[in-house]
Number of protein chains: 2
Amino acid sequence: MEMDERKATILQAIIRNYLETGEPVGSRTISKYTDLNLSSATIRNEMADLEEMGYIIQPHTSAGRIPSDKGYRFYVDTMMEAKDREIEEMKKVLVERQDRLEDMLKGVVKLLARDTQYATLITSPSAGRNKLKFIQLSRIDEEHLLAVIVKEGNVIKNKVIEVPEPLSEETVLKLNLMLNTQLSGMTMDEISLGMITGLKAQAGAHSDVIAEVIDAVAEAISAGEDLKVYTSGTNNILKYPELSDNSERAGQLINTFEEKEGLEALVSTELSEDAGTGIQVYIGSENKVEGMEDCSVVTATYELGGGMKGTIGIVGPKRMDYDKVVGTLKSLRSGLDDLYKEKT
Amino acid sequence: MEMDERKATILQAIIRNYLETGEPVGSRTISKYTDLNLSSATIRNEMADLEEMGYIIQPHTSAGRIPSDKGYRFYVDTMMEAKDREIEEMKKVLVERQDRLEDMLKGVVKLLARDTQYATLITSPSAGRNKLKFIQLSRIDEEHLLAVIVKEGNVIKNKVIEVPEPLSEETVLKLNLMLNTQLSGMTMDEISLGMITGLKAQAGAHSDVIAEVIDAVAEAISAGEDLKVYTSGTNNILKYPELSDNSERAGQLINTFEEKEGLEALVSTELSEDAGTGIQVYIGSENKVEGMEDCSVVTATYELGGGMKGTIGIVGPKRMDYDKVVGTLKSLRSGLDDLYKEKT
DNA sequence: GTTAGCACTCATTCCCAAAGAGTGCTAACA
DNA sequence: TGTTAGCACTCTTTGGGAATGAGTGCTAAC
């Protein structure tokens, strides 16, 4: 059996209709819905074929058909067209350019949730290169030292270090100089054990301080730099009966969103061939997050320049409005691009 | 009509039972449940009285009674006894003393949610005194300056400032000195406009940098220092039909928790007479958060010493297990106390 | 003051019939 | 050979009682 044009049209019609209503769709509906001028009987024949081919499913005898994962996949792959939707509002928010990146991300994800009525998430951009720019030690008081670690892309990390006895201003200055001459411009890999031992030796009595600073540096530089995930619109999950009527599962989903557990998994798999659009669609069990088998996920990676990359994601039911979602994400990407360009 | 001992016993029995089952409770049940040895008919008489007095409500004729807000209030006020429950697990987590306060708070709130099966929240402790300890300016690169602002309690804020033209190391040192001699130890109120103008004049060509630093200082010092709220167990809301069967409302609740909107309101009202326990109970519409009229909220303030104060809250249905919740919060408070003492 | 008894009220449950949606198959048609 | 009309059949959904049962209020007796 082959997929011919008419079958494709019918499949498309079925999916479209199902996306709107969430109800199984019957042959009669399609007969009227499309402009093929075919009777319901003919449609029925075709539908039987489509079912045999695995694109649609009958929940029970004498119900209409609903798309299978394979059906959705076909739809997404072949029929999706980029609609440049207007999302003026979004751009406006982006352009307002909150000085705190964090707030901007929260704004974006919230707006996106309101616009699409799905659950959304965004990860903070991670600097691609992970180089140390400089370190600044300062005395806070007798017992505490503050280490400020600045990375490429002006990402900053603070750490308070307890010191057993007071250090003189002079000592602090010396340590500062030492650390910066040795470590500036280094990446994690380049900081060798030998170097660390050398530093400690130089520091003499204050080697324990150095050890703590090095720890902080390691923490700041490596460790996925605590990838932050912001979410919004979790409550939208309740709007789709197929996700919420099993309250066990709904609870698990909500929890996943609240605790952010496993969401990185959605976002970290860049492995697919996204054809340069930066947009990826996972249907049903195509995503590997536990409890999300009944959801579809659309993700887009964005760039803010300087190797700052992050991911935006939308999670909804399988009968998601793929057209709209993909369109929105595309505009959003370009919006973020513009933002960066304006800024430079 | 007066509240005598027997009425109180019956009311208590009704509430206890309702907390367990979530179903309206009838006279027959109470007759067997209590050790008063009264027949159901007598109980019915008493219940009629209690209803007249406003402590209980009949959802419809020929249903059992459920407690009214007033009934819960009576229960909470008079019958609650401190049970020192064992929460070894919690203490253990606390004692592990994660170096990052943030992680600790997240851990606590999560554990609390798992233990109680309600939705929970915690606010980051805010330093009571809001004094400036010192300011540190450093050059990041040609165009950027980093301002590190350290407050009492070693709370740190960073701000990257763009500068039109490069500043020499010397200038930065001078600005540093200037800022610190003038501003160290100040509170928000003490920094007058005159002082700011004076600083700007001293800075000469670099007065715009000073302006930005002052802005950052103001932001750091005032503005409730971005009170952070962490939540957990939002999905527990779905476990209580009286909250979740109206999916509109459930969605709103979940949204409130996700966006943290209005949760500050729960937490900021210290105005009540908490008799030194630091624990407060809001029943039904006693709390002022929109959409939370059907919930009860129990909050406890905790202290980490040095004027660092925060609030823990538990949100659940009105038929919350008040005994358990209050007990848990009490232990938790003392746990946090211990943690602080150990540390000093 | 307490209790037994009884009539009465409602929400809930269950069952069954009717309706309705949709299918698969067959036979007729162009 | 593809399309269509028609029909029997299958299942789900809906709606309406009837039965159930929990619980009350009231009255009369103890």
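Start by selecting helix H11 of chain B: its buried residues (under 20% relative accessible area, 1.4 Å probe, protein chains only) are B:Ala250, B:Gly251, B:Leu253, B:Ile254, B:Thr256, B:Phe257 and B:Glu258. This is a predicted model, where local features need pLDDT of at least 70, side-chain atom pairs count only at pLDDT 80 or more, and totals for chains, interfaces and linings use all residues. Residues are numbered from 1 along each chain as its sequence is written, chains are lettered from A and ligands numbered from 1 in the order in which they are written, and side-chain values use heavy atoms, with hydrogens and water left out.

Stay on H11 of chain B, residues 247–259. Helices here are DSSP runs of H or I, at least four residues; strands are runs of E, at least two; both are numbered from the N terminus. The 13 residues of H11 reach 18 Å from first C-alpha to last, close to the 18 Å expected at 1.5 Å a residue (1.5 Å times one less than the number of residues). Step just past H11 to B:Lys260, with its positive phi of about 65°.

Now show both chains. Chain A gives 35 residues to the contact, and chain B gives 35 residues (heavy atoms within 4.5 Å).

Next, pick B:Lys110 and A:Glu261. Their side chains form a salt bridge, 3.5 Å from N to O (a side-chain nitrogen of Lys or Arg within 4 Å of a carboxyl oxygen of Asp or Glu). Two salt bridges are counted between chain A and chain B.

Last, select the side of chain A that touches chain B. Elements giving two or more residues are strands S5 (132–141), S6 (144–151), S7 (155–162) and S8 (229–232), and helix H11 (247–259) of chain A.

Technical notes
Buried < 20%, exposed > 50% of the residue type's maximum accessible area, 1.4 Å probe, protein only.
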